[in-house]
Amino acid sequence: MALALTGLLLIVIDSVDPDSSNPALLAGVGTVGSLASLGLAGWFLSAGTGQPSTDGAIALFGDALVVDGMTLFFQALFASVTALVVVASYDYLHDRAYQAEFYSLVLFAATGMSLMAAANSLAVAFVALELASLPSYALVAFLKRDTGSVEAGLKYFLIGALSSAVFVFGISLVYAATGSLLLPDVYAALSGDIAGLDGVAGVGILMIAGGFAFKTASVPFHFWAPEAYEGAPAPVSGFLSSASKAAGFALAFRVFVTGFPVDVGIDWVLLFQILAVVTMTLGNFAAATQEEVKRMLAYSSIGHAGYALIGLAAFTGGAGGNVLGASMAHLLVYGFMNTGAFLFVALAEQWDIGRTFDDYAGLSEKAPLACVAMTVFMFSLAGLPPFGGFFSKYFLFAGAVEAGFWWLAAVGAVNSALSLFYYSRVVKALWLNDPSSEFELGSTPTALYAAVVFAAVATVLLLPGFAPVIETAQSAAVAILP
């Protein structure tokens, strides 16, 4: 609610005096609204709101929405990433028009993501998915005079429209088989006798999984991601690859765990095992062949979607809470380290350095603090200690082993080792390679620089503070098990 109200407030501020521009006011309002949402989510989460210790989940609007530990956990994640992106965009947009519209779109997209985490009905799931997606299409194409941005936005929109059609048709098939859109009722119907409509329900579940694969940039619906992330403004790329991806997983976790029994209609655990292996492998191998840092990060985000899919790929019903919670915790850590990496790319774009690995050569001599932050992001994304990404992957792979899917953890570990190759290329260019020519960075964009450093500090601090993160995530995941 705080995110939606802040977005509306920004529109009102811009409407009062549309001819004048006050970037500091707009960015400040957006940041305060995001931090307010983060504070509320954190406060309710720490108070146990919606959790078994306080009478369980809170159902709203005829059980269409539910507030529980998972909802609050993901809303805290979305608010954190939104605050980073809003702060960073203050410098990135300093000489551009339509800034109020930009911040409003970011906040409305974050509102849709929060609704995705709270959806307890397939109808609400679709509406929330569209509320998150429609502003995202506009954000990707925000640089209207940049043909790459406009082209990326158009491709993203067309593929998104197709995936939405597949998703909603899948919902209609599930409704035809079960007679309900509420997830608990769908689960109960599928667990009983649905009069020979198992095949219809199975096709519907498969199509719904396809809609989620698009939102999370999972194979085979991943091909929009490199184009969209490369053409979009770098803060938007970070926002989509972190918050939007986490929203897709938040909705997928709730829909499949609370709505679809494991052994009815279609073996969706096997489906996600295939998706996880193919997604992480293809994403990492494609990232290893890239020469542009931003495009490498785009393919890397596909690989990380494969890791997060382990939460569903290793799900075993009543005993699947630990691996599901580990996947949630990984998404939280990923939100900071991946957003920070894209914000560093935005910083490089502000300095007009270039896009390739070679263009980053010798940058540590000019901006050592920012390069330390980027090194933290790269090594954390690769899963090296002592950074947050190490523990998040450790618990994720350990959860898969505990569930009996050791081979899934082995594939993840091999892919993590492969990812070190292309992540270390960035570190090597920053610290070891000599620049091909002399260059000057110009003025330092303070807000963008601060957002990069804060994301790095959060990535480091998540290592000693990971115990409460994983405990909260796993307890929230266990609470939604049917």
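The model is a predicted one, in which local features need pLDDT of at least 70, side-chain atom pairs count only at pLDDT 80 or more, and totals for chains, interfaces and linings use all residues. Residues are numbered from 1 along each chain as its sequence is written, and side-chain values use heavy atoms, with hydrogens and water left out.

Among the buried residues of H2 are Leu 26, Val 29, Gly 30, Gly 33, Ser 37, Ala 41 and Leu 45; buried here means under 20% relative accessible area, exposed over 50%, and partly exposed in between (1.4 Å probe, protein chains only). The buried residues of H2 pack against helices H1 (2–16), H3 (69–92), H4 (99–118) and H19 (466–479), with contact defined as heavy atoms within 4.5 Å. Just after H2, Gly 48 adopts a positive phi of about 80 degrees.

Leaving aside residues up to four places away in sequence, the partners touched by Phe 239 include Val 81, Val 85, Val 106, Ala 110 and Met 113.

As for charged pairs, seven salt bridges are found in the whole structure, each a side-chain nitrogen of Lys or Arg within 4 Å of a carboxyl oxygen of Asp or Glu. In one of them, Lys 155 pairs with Glu 227, with the closest N and O atoms 3.7 Å apart. This pair links distant parts of the chain, 72 residues apart, from helix H6 (residues 147–178) to helix H9 (residues 224–231). Glu 227 also meets Arg 295 in a salt bridge (3.1 Å, N to O). Because Arg 295 lies in helix H12 (residues 293–308) and Glu 227 in H9, the pair ties together parts 68 residues apart in sequence. Arg 295 is buried at 16% relative accessible area, whereas Glu 227 is partly exposed at 28%. Glu 151, Lys 155, Glu 227, Glu 230 and Arg 295 are linked in a salt-bridge network.

Conventions: Helix = DSSP H or I, 4+ residues; strand = E, 2+ residues; numbered from the N terminus.
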